[in-house]
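Please keep the sequence and the coordinates open beside the text.

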Amino acid sequence: MNSGRFIPLAAVTTALVTSTVLLLAPACGDDGAVPDCGEGCAPVEGLYPMAFLSDAGLPAECANLDVPALPEGKDLSLARDGGTLTGSLDGVALKGQVYATGDLRLTGAPLPSSDGGLTTFLTLTASFTGGPADGGLGGRLRGNFTGNYSRQDGNTSERCFVTRPFTATRR
């Protein structure tokens with residue numbers, strides 16, 4: 001009978017997949033939260049004027065929704081409490097996380113307009129390099145700005161997405 005040979009193979013495959021998943025899973029605390037790097041986090045706090053690396057124009061579908069221009073030259077303001085980030089960009093409050101590696105992620109959305117107009121959701125992912133540990137001049141961010149915009153018109157919703165690489169040097 002040949003069916004007995006497949007049971008050990010299935011057990012080995014299950015063990016291999018399980019151990020691989022455990023090795024690839026992020027190191028988290030008991031509650032599943034990402035560990036806070038505390039004072040070992042990259043010193044990203046400060047003001048960073050945004051500079052987009054590619055054409056900062058909007059796609060046609062965004063222009064049709066009356067999406068505002070990208071925040072070229074506007075300050076990205078960051079404050080840090082351990083690994084937790086708060087900030088703002090062009091009037092939009094942002095929240096996120098910074099890691100000891102210097103990687104960071106921020107998201108935010110302005111308050112909805114009373115007329116049911118444009119809905120905006122922003123995401124910034126970046127890497128921090130340089131700069132003194134005390135948060136002085138010289139720190140630089142390099143990453144991607146993503147804007148997700150939509151507008152409800154009756155029973156239909158129009159959407160557009162913008163992703164642009166950016167750099168920002170702390171002043």
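The protein has two helices and eight strands, where helices (H or I, at least four residues) and strands (E, at least two) are DSSP runs numbered from the N terminus. Along the sequence these elements follow the pattern α-β-α-β-β-β-β-β-β-β. The model is predicted, so that local features need pLDDT of at least 70 and side-chain atom pairs count only at pLDDT 80 or more, while totals for chains, interfaces and linings use all residues. Residues are numbered from 1 along each chain as its sequence is written, and side-chain values use heavy atoms, with hydrogens and water left out.

**The barrel and its pairing**

- Eight strands close into a barrel in the order β1-β2-β3-β4-β5-β6-β7-β8, with antiparallel pairing; two strands count as paired if DSSP finds at least two bridges between them.
- On average, and with direction ignored, neighbouring strands of this sheet are turned by 30 degrees against each other, the axes being lines fitted to C-alpha atoms (for helices over the stretch in contact) and the angles running from 0 to 180 degrees between N-to-C directions.
- Strands of a sheet pair through backbone hydrogen bonds, either parallel or antiparallel.
- Strand β1 (residues 46-52) pairs with strand β2 (residues 75-81) in the antiparallel sense over four bridges, and the bridge partner of L47 in β2 is S77.
- Six bridges join β2 to strand β3 (residues 84-89), again in an antiparallel arrangement, with L78 standing opposite G87 in β3.
- β2 and β3 form a hairpin with two residues between them, and G82 in the turn has a positive phi of about 65 degrees.
- Strand β6 (residues 119-129) and strand β7 (residues 140-153) run antiparallel and are joined by 11 bridges; T125 has N144 as its bridge partner in β7.

**Disulfides**

- A search of the whole structure finds two disulfides, a disulfide being a pair of cysteine sulfur atoms within 2.5 Å.
- With bonded cysteines counted along the chain, the disulfides follow the pattern 1-2, 3-4.
- C37 is joined to C41 with an S to S distance of 1.7 Å, and this link is right-handed, with 105 degrees about the S-S bond.
- C37 counts as partly exposed because its relative accessibility is 23%, whereas C41 counts as buried at 5%; buried means under 20% relative accessible area, exposed over 50% and partly exposed in between (1.4 Å probe, protein chains only).
- The other disulfide joins C62 to C160 with an S to S distance of 2.1 Å, and with 110 degrees about the S-S bond this link is also right-handed.

**Aromatic pairing**

- The count comes to one aromatic pair, under the rule that rings of Phe, Tyr and Trp (its six-membered ring) pair if their centres lie within 6.5 Å, planes under 30 degrees apart counting as stacked, over 60 as edge-to-face and the rest as tilted.
- The rings of F52 and F145 have their centres 5.6 Å apart and their planes at 85 degrees, so the pair is edge-to-face.
- Because F52 lies in strand β1 and F145 in strand β7, the pair ties together parts that are 93 residues apart in sequence.
- Both partners are buried by relative accessible area, F52 at 9% and F145 at 1%.

**Core and contacts**

- The largest nonpolar core has 30 residues, and those with the most contacts inside it are V44, L76, L124, L141, F145 and F166; such a core is a set of buried Ala, Val, Leu, Ile, Met, Phe, Trp, Tyr and Cys residues joined through side-chain atoms within 4.5 Å.
- β1, β2, β3, β4 (92-98), β5 (103-108), β6, β7 and β8 each supply at least two residues of this core.
- Leaving aside neighbours within four places in sequence, L141 is in contact (heavy atoms within 4.5 Å) with residues including Y48, L76, L78, L104, F128 and F166.
- Of the 171 residues of the protein, 28% count as buried.
- Among contacts between residues at least 6 apart in sequence, 55% join residues at least 24 apart.
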